[in-house]
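Subject: Structure handover

Dear colleague,

I am handing over the structure below, followed by an account of what was found in it. Please read the text with the structure open beside you.

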Amino acid sequence: FEDIVHKTKPSKREGFFFKKEINSEERLILKGISGIVFPGELLAILGPSGSGKSTLINALGGKLNDSNITKGTITYNGKPLSKSVKQNLGFVAQHDIFYPHLSVNETLVFSALLRLPNSLSKQEKMLKVKEVIDELDLNHCKDTIIGGPLLRGVSGGERKRVSIGQELLTNPSLLLVDEATTGLDSTIARKLVMNLCELAKGGRTVVMTIHQPSSKLFHMFQKILLLSDGNGMYFGKGDYVLDYFSGIGYSPLVAMNPTDFLLDLANGLLWWHSKPGHIKDKVGLLFYYTQFCGFIPMVQTLFTFPEDRAMIIKERSSCMYYRLSSYFIASNVIDLPVQLFMPTLFITITYWMGGLKANASNFFQTLSVSLLYAMVSQSIGQAISAMLFKNDDIYSCGENVTCLVGNYPTIKHIGLDNQGMSVAVLVAMLVGYRLIAYFALIIRMTHN
Ligand SMILES: Nc1ncnc2c1ncn2[C@@H]1O[C@H](COP(=O)(O)OP(=O)(O)OP(=O)(O)O)[C@@H](O)[C@H]1O
Ligand SMILES: [Mg+2]
């Protein structure tokens, strides 16, 4: 498929009683997507929700609505979509529909009788069903009913395999599966993808879209197409995708599931001037602000005092007398610019990039609240850090004199012994803040 562009036509609806036209805007859903898959290969289409995965796979299956505009070329062995191509193509939709009272075997027999050509005898059709059941590992549940919302039947993974089985009956050379693993746990998802992998290895071409694959699945994809808001971000070998992104400066900071990383990247592009209606993207961005300004500074400060401790003890015992308060103030003053610089830089760039309200007053409000939040988080980190000086720890409080850390005036004042009291205060804060939230909610709702 080459340079696939898909637009929804502006639809005009007229009011029933009034002559009022409702225009919905033309939307660009796929913005020039290209790729190629060979027999024996499994292509996984990855991307966040709404990025155009289903649209693309529907285009490949020739199932897109004609009233919308699709440009670009899709060829199958070099030829355009024709009746004979369609006969060699299996399409498994996101939502599969079955008769809930039929068993797995009956469902497949039913499909086989209707779909396989009359040139095959009934026995040959039954044999086909048996082959498919073996191939998809469905033997243990072949007499279980499919089930539905009110009727307990086969599991979600088995259900998906039955719908793949229905397509395999005609032995298609191209198999398209939308949302292969959605709603399945990682073990069953893995089994299903392994099934698809085996089918590909048998010489078929398999294309699937997939939501949140686990890292184990990731290594089974020979080819990956990563979509972000209708743009193709990557098309190529699965093994090479992380190298590609690290080559252009994007590597995960911590060890993480490669697909989570890819989806984060794809979502990151969504933040580039995300549309006013995309509230989820903005909430996501603000969530990262809280992480970046709150959690990270707190964890960074957590180990300051225990790390500095040895140095303080050494310096104070080697006649470099300075008050603990001097150390405390110096450590704060030195760290402050660095700790404020990073969040300022981060917010200044991402605020405008993410398309949040573009006026100075909102920007400075966001920035100042975030910086204040960063400083509060650091203080919490410092408090915990200071408490990590254990009570029975000693420090040298003069030449050849050691004192108990617990007797140090500040620490004594805070009182490390009253742990029960601390827990009580924490609980009081927990309840207190929730009450404030509740009352604020009441006030807001009555104002509305
Ligand atoms: N016929 C249509 N008219 C208007 N908008 C459409 C139409 N078809 C798709 N869209 C929009 O195109 C975008 C892509 O849809 P698509 O179903 O391809 O996403 P997806 O990547 O499969 O998402 P998900 O992972 O949630 O299934 C969505 O924002 C959707 O609302
Ligand atoms: Mg979809």
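**The shell around ligand 1**

Strand β4 (27-33) and helix α1 (53-60) each supply at least two residues of the shell around ligand 1, and α1 gives the most to that shell, with three residues. Please keep in mind throughout that this is a predicted model. In total 15 residues surround ligand 1, and the closest are Ser49, Gly50, Lys53, Ser54 and Thr55.

A polar side-chain atom of Lys53 is placed 2.6 Å from an oxygen atom of ligand 1, while an N or O atom in the side chain of Arg27 is 3.1 Å from an oxygen atom of ligand 1. For the side chain of Glu179, the distance between an N or O atom and an oxygen atom of the ligand is 3.0 Å. Taken alone, ligand 1 exposes 640 Å², and 64% of that is buried by the protein.

Ser51 belongs to the loop between β5 (42-46) and α1. Is Ser51 buried or exposed? Its relative accessible area is 2%, and therefore Ser51 is buried. The side chain of Ser51 reaches the backbone oxygen of Pro48 at 2.6 Å, and, when residues up to four places away in sequence are not counted, Ser51 touches Ile29, Leu227, Ser228, Asp229 and Gly230.

**The chain as a whole**

The chain contains 15 helices and 13 strands, and buried residues make up 37% of its 448 residues. Of the contacts in the chain with a separation of 6 or more, 67% are accounted for by residues 24 or more positions apart. The accessible surface of the chain comes to about 27100 Å², and 61% of this belongs to carbon and sulfur atoms.

As to confidence, the chain averages a pLDDT of 82, with 88% of the residues scoring at least 70. Among the elements of the chain, the lowest mean pLDDT (54) is that of strand β3 (residues 21-23), whereas strand β9 (residues 205-209) has the highest (94).

Does the span of helix α3 (residues 104-115) agree or disagree with what its number of residues leads one to expect? At 1.5 Å a residue, its twelve residues should span 16 Å, and the end C-alpha atoms are 16 Å apart, so the two values agree. The buried residues of α3 are Val104, Thr107, Leu108, Val109, Ser111 and Ala112, and what covers them includes α4 (122-135) and α5 (156-168). Ser111, found in this helix, counts as buried because its relative accessibility is 8%, which falls under the 20% cut-off. Apart from residues up to four places away in sequence, Ser111 touches Leu116, Gln166 and Leu169.

The same check was made for helix α13 (residues 360-387), whose 28 residues should span 40 Å at 1.5 Å a residue; the end C-alpha atoms are 40 Å apart, so here too there is agreement. Its buried residues include Phe363, Thr366, Leu367, Ser370, Leu371 and Ala374. An α-helix has 3.6 residues a turn, so residues three or four places apart point the same way.

Two of those buried residues of α13, Phe363 and Thr366, are also among the contacts of Tyr351. Tyr351 lies in helix α12 (residues 324-353) and, with 2% relative accessibility, counts as buried. Leaving aside neighbours within four places in sequence, Tyr351 is also in contact with Tyr289, Leu356, Lys357, Asn359 and Asn362. Tyr351 and Leu286 are 65 residues apart in sequence, yet their C-alpha atoms are 9.3 Å apart in space.

**Two positive phi values**

Asp3, which is not a glycine, has a positive phi of about 55°; Asp3 lies in strand β1 (residues 2-8) and is partly exposed, with a relative accessible area of 46%. Asn77, likewise a residue other than glycine, has a positive phi near 55°. Asn77 sits in the loop between β6 (69-73) and α2 (83-87), and its relative accessible area of 76% makes Asn77 exposed.

With best wishes

Key
Residues are numbered from 1 along each chain as its sequence is written. Chains are lettered from A and ligands numbered from 1 in the order in which they are written. This is a predicted model: local features need pLDDT of at least 70, side-chain atom pairs count only at pLDDT 80 or more; totals for chains, interfaces and linings use all residues. Side-chain values use heavy atoms; hydrogens and water are left out. pLDDT is the predictor's confidence in each residue, from 0 to 100. Helices (H or I, at least four residues) and strands (E, at least two) are DSSP runs, numbered from the N terminus. Buried means under 20% relative accessible area, exposed over 50%, partly exposed in between (1.4 Å probe, protein chains only). Contact means heavy atoms within 4.5 Å. The expected span of a helix is 1.5 Å times one less than its number of residues. A residue is near a molecule or strand if one of its heavy atoms lies within 4 Å of it. A polar contact is a pair of N or O atoms within 3.5 Å; within protein, one must be able to donate a hydrogen and the other to accept it, and residues adjacent in sequence count only if both atoms are side-chain atoms. Accessible areas come from the Shrake-Rupley method with a 1.4 Å probe; for residues, only the protein chains shown count as cover.
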